[in-house]
Amino acid sequence: MLKKILDFFRKPTPNDDLANQKERKNSMQTSTCQMTGDCRIPDRATLPKDLYKQLADFIATLPTKEGHLVTALHKAQAIFGYLPREVQEFVADQMGVSLAKVYGVVSFYTFFTMVPKGKFPISICMGTACFVKGADKVTDAFKQQLGVAVSEVTKDGKFSIDCLRCVGACALAPVVMIGEKVYANVTPDQVKNIIADFQ
Ligand code: FES
């Protein structure tokens with residue numbers, strides 16, 4: 001079961017379907033906010049110390065360190081919201097593994113992120129069913145309305161856009177999730193109103 005969950009969040013490989021590859025390529029081409037400084041990335045030195053203590057306390061409750069690196073990273077992301085280098089270093093130190101090993105896990109699974117998400121994270125399904133029903137056009141509409149690319153956060157920190165693999169609701173394609181809320185059969189025309197739900 002755990003393997004299935006981990007496989008779901010695995011980052012795409014060259015064997016993945018065309019839709020995922022296309023969006024991944026677009027994301028890599030357009031995700032420039034870190035270079036331009038336009039997106040909301042907090043000063044890492046300001047990460048609250050009590051959050052590190054919270055994480056250390058959690059890791060101390062693990063029965064063993066062996067085989068629990070993913071669990072520790074899940075907790076770290078739940079606490080900090082994302083996994084910048086400093087947090088990865090902290091996890092590596094606490095778990096007694098190398099930073100390279102931690103980075104390898106973080107970069108392997110799409111669930112983990114090294115940049116902060118928006119207050120309302122927009123997740124667009126790019127699985128095959130959603131893609132053939134226009135998920136790429138829905139993604140373009142979100143990008144246009146919010147003025148950010150996939151993997152970026154709006155300047156006010158409210159929204160971020162990410163693309164996922166099939167979320168298991170193909171009958172509702174294209175599917176968009178914003179936080180816990182699910183939108184079905186989304187069309188580009190609906191995007192403006194969907195965003196307005198969170199304004
Ligand atoms: S492809 Fe989008 S829910 Fe299955």
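Of the 23 residues in the largest nonpolar core, which touch the most other members?

## Basis of the model

This is a predicted model, in which local features need pLDDT of at least 70 and side-chain atom pairs count only at pLDDT 80 or more, while totals for chains, interfaces and linings use all residues. Residues are numbered from 1 along each chain as its sequence is written.

## Nonpolar cores

The residues that touch the most other members of the largest nonpolar core are Ile-124, Met-126, Val-138, Phe-142 and Ile-161. A nonpolar core here is a set of buried Ala, Val, Leu, Ile, Met, Phe, Trp, Tyr and Cys residues joined through C-beta atoms within 7 Å, and a residue is buried if 20 or more other C-beta atoms lie within 10 Å of its own, exposed if 12 or fewer, and partly exposed in between, with C-beta atoms placed from the backbone. Two or more residues of this core come from each of strand S1 (120-125), helix H8 (128-132), helix H9 (135-146) and strand S2 (159-164), and H9 supplies the largest share, 5 residues. Helices (H or I, at least four residues) and strands (E, at least two) are DSSP runs, numbered from the N terminus.

Leaving aside residues up to four places away in sequence, Val-138 touches Ile-124, Pro-174, Val-176, Val-186, Pro-188 and Val-191, where a contact requires C-beta atoms, placed from the backbone, within 7 Å. A second, separate core of 13 residues includes Leu-69, Phe-80, Phe-90 and Val-102.

## Packing of H4 and H6

The axes of helix H4 (residues 49-61) and helix H6 (residues 85-95) come within 11 Å and cross at roughly 30°; the axes are lines fitted to C-alpha atoms over the stretch in contact, with angles from 0 to 180 degrees between N-to-C directions. H4 is therefore roughly parallel to H6, a term for angles under 35 degrees. The contact is made by Tyr-52, Leu-55, Ala-56 and Ile-59 of H4 together with Phe-90, Gln-94 and Met-95 of H6.

## Backbone features

A cis peptide bond, with omega of about -5°, joins Ala-173 and Pro-174, and Pro-174 is found in the loop between S2 and strand S3 (176-178). Ser-151, in the loop between H9 and S2, has a positive phi near 80° although not a glycine, and this residue is buried, with 23 other C-beta atoms within 10 Å. Asn-185, in the loop between strand S4 (181-183) and helix H10 (191-196), also has a positive phi, of about 50°, but counts as partly exposed, with 13 C-beta neighbours inside 10 Å.

Key. Parallel < 35°, antiparallel > 145°, perpendicular 65-115°, else oblique. Contact = placed C-beta atoms within 7 Å.
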